[in-house]
Amino acid sequence: MNAGVQRPVACGCPARADHDFGACVLDDGQVQFRLWAPGCTQVALELELDGRPPLAMTALDGGWFEARTDAAPGARYRYRVAADLAVPDPASRLQAGDVHEASVVVGPGDYVWQYPDWRGRPWPQMVILEVHAGVCGGFDGVRAQLPRWAEAGITAIELMPIADFPGRRNWGYDGVLPYAPDTAYGTPAQLRALIDAAHGLGLCVYLDVVYNHFGPEGNYLHAYAPQFFVADAQSPWGATIDFSQPAVRAFFTGNALYWLLDYRFDGLRFDAVHAIPDPGWLDEMAAAVRAATPGRHVHLMLENEHNTASHLDGDFDAQWNDDAHNALHVLLTGEREGYYANYAGRAGELFVRCLGEGFGWQGEPSPGHDGRPRGTPSAHLPASAFVFFLQNHDQIGNRALGERLLALCAQAGRLEAWRAALAVQLLCPQVPLLFMGDELGSTTPFLFFTDFHDELAEAVREGRRREFAQFAAFADPERRAAIPDPNAGTTFESSRPQPGDPEDAARVAMLLRLRNTLLAPRLAGTRALGSAALGPAALRARWRLGDGTMLTIYTNLADMPVELDFVPPAGSLLYESRDGAAAALARDDLAAAATTVWLSAGTVPDSP
């Protein structure tokens, strides 16, 4: 970044780091184009306007190139970085087609906000629904469903990544142009209309962003900015991004600010930050976000396999709690393959710890990490620092056949156990995250889908089958061959959630009403009072809510009751997942596959 360059900005937002990248419409009507290309000695701007010849860009310090010229919103352009290569803008705000095609200048004023005074909602009030925009019919399709979700008790939606990816179908984690909403979903104005409509209904909108890698097709950075990547280093998904480079740090910090300020997203979920080699950048970026969004409820969430509590002590609100999911999944299904093997034999113990302290692994040697210590202590963090889910896109779609947890439990005759787990998720003070269709009781699979072609399509298809060869159910080559082809249009179409059993949908709605009316007003300032194992898959967990009320949850996910020896809880029964569970507790029995939830005032009892 060339700090000495001063320029007015007319993009409808304050001058800031992200406008050091890409095309920016200036107050005088010209457009400024900037590119970091330290691998080049010269770069030319190619505008598709009136047969204009390429315009040589001025070389600045640090590998930067800049040009200013007459243009207007809608103009298409590329950067000529070699005699045989013209590339789209890595900070393109819009593509004229797919990732290989020209970028488009985007100016201010393409949308007039209807709810400009929206400031968001406090984090403890959140009930998040993870949504894939494409499966829901694009940005307009998502917008059409907002009233139904708001009525159901959802308070925030989280869009899976929307950064431009190759083809028409993708989960979003293969994006290569982080600033450009994919045109398969709609226009920038349609995305703003979606966010605006959500705010009008009292819904927050979050965006999942991927800063740990670029997808396998359409990333041209290696050709003109090889310094963007760590030499000879690979993440699980591609070349490792070099966050020691100031320009790289600014590129992604600017991207976070861009979504929050230009599009008014209410927060971001940062994918797999354990694959970012410089964790200090995360705190630097989060501090920049806080400085740029005073007076707003902006929420920052992490996915972090390392379970590092230090980020949560700073400017991040929460982390997706994979430990809670994985332990609970083992308790409900008995699965022990893949990463679930790390929880086999101690799933109950780890789930108890997750409810009482947050992380399951807090520095102990982890078998799934070659015996290395994993995690840091987290008991000091508030319950709201952990996002609690029974499933998400990963946990469903990374199964060979994309089965939802509800479908797995129904097939195994464990519906009551699933209902007990659902009650724990939606009535405990941790922030619940549902996956689209959960509010419908859907059992529709969510499959892994892409839209690659030729050699890459075949590599993805075969890689998917090899991935599941380690699972006993797919050891047979004929069974592996039945795994849906990620590149087939039918795989995408069959992932659209359909309504399931109305009883299950009604149960979700009732639990959300209880949470939003009786618990949400009390959740600010909640602190955990500990949890205890009452059996191999049974526990009691307690929290002191912000108004002094005590919330107690008893759950038994096993198929056999557990005999107890203690004074039953005082207070009011908030919920029982199956009839008679509260009466059984009064008889010192923890009913099989059941959860009871209690609210009470006064001191915390000593036992059990």
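How many helices and strands are there in the protein chain?

**Figure 1. Overall fold of the predicted model.** The protein chain has 16 helices and 30 strands. Its radius of gyration is 25 Å, close to the 25 Å given by the globule rule for 608 residues, so the chain is as compact as a globular protein of that length. Along the principal axes, the C-alpha atoms fill a box of roughly 85 × 55 × 45 Å. Of the contacts between residues at least 6 apart in sequence, 70% join residues at least 24 apart.

**Figure 2. The largest nonpolar core.** This core holds 161 residues, and Trp259 and Phe265 touch the most other members. Helix α4 (residues 246-262) supplies the largest share of the core, 10 residues. A second, separate core has 14 residues, among them Trp118, Ala156, Cys204 and Val431.

**Figure 3. Surroundings of tryptophan 259.** Neighbours within four places in sequence are left aside here. The remaining contacts of Trp259 include the aromatic residues Tyr179, Tyr211 and Phe265. Pro178 and Pro181 are also in contact with tryptophan 259, as are Ile162, Leu191, Leu207, Val209 and Leu268.

**Figure 4. Surface and charge of the protein chain.** The accessible surface comes to about 22,300 Å², and carbon and sulfur atoms account for 53% of this area. Of the 608 residues, 60% count as buried. The chain carries 47 positive and 74 negative side chains. The centres of these two sets lie 4 Å apart.

Notes:
Residues numbered from 1 in each chain as written. Predicted model: local features only at pLDDT ≥ 70, side-chain atom pairs only at ≥ 80, totals over all residues. Heavy atoms only, no water. Core = buried A, V, L, I, M, F, W, Y, C linked by side-chain atoms within 4.5 Å. Buried < 20%, exposed > 50% of the residue type's maximum accessible area, 1.4 Å probe, protein only. Helix = DSSP H or I, 4+ residues; strand = E, 2+ residues; numbered from the N terminus. Contact = heavy atoms within 4.5 Å. Rg over C-alpha atoms; globule rule 2.2 N^0.38 Å. Areas by Shrake-Rupley, 256 points an atom, 1.4 Å probe, with all protein chains shown as cover. Lys, Arg positive; Asp, Glu negative; His and termini not counted. Charge placed at Lys NZ, Arg CZ, Asp CG, Glu CD.
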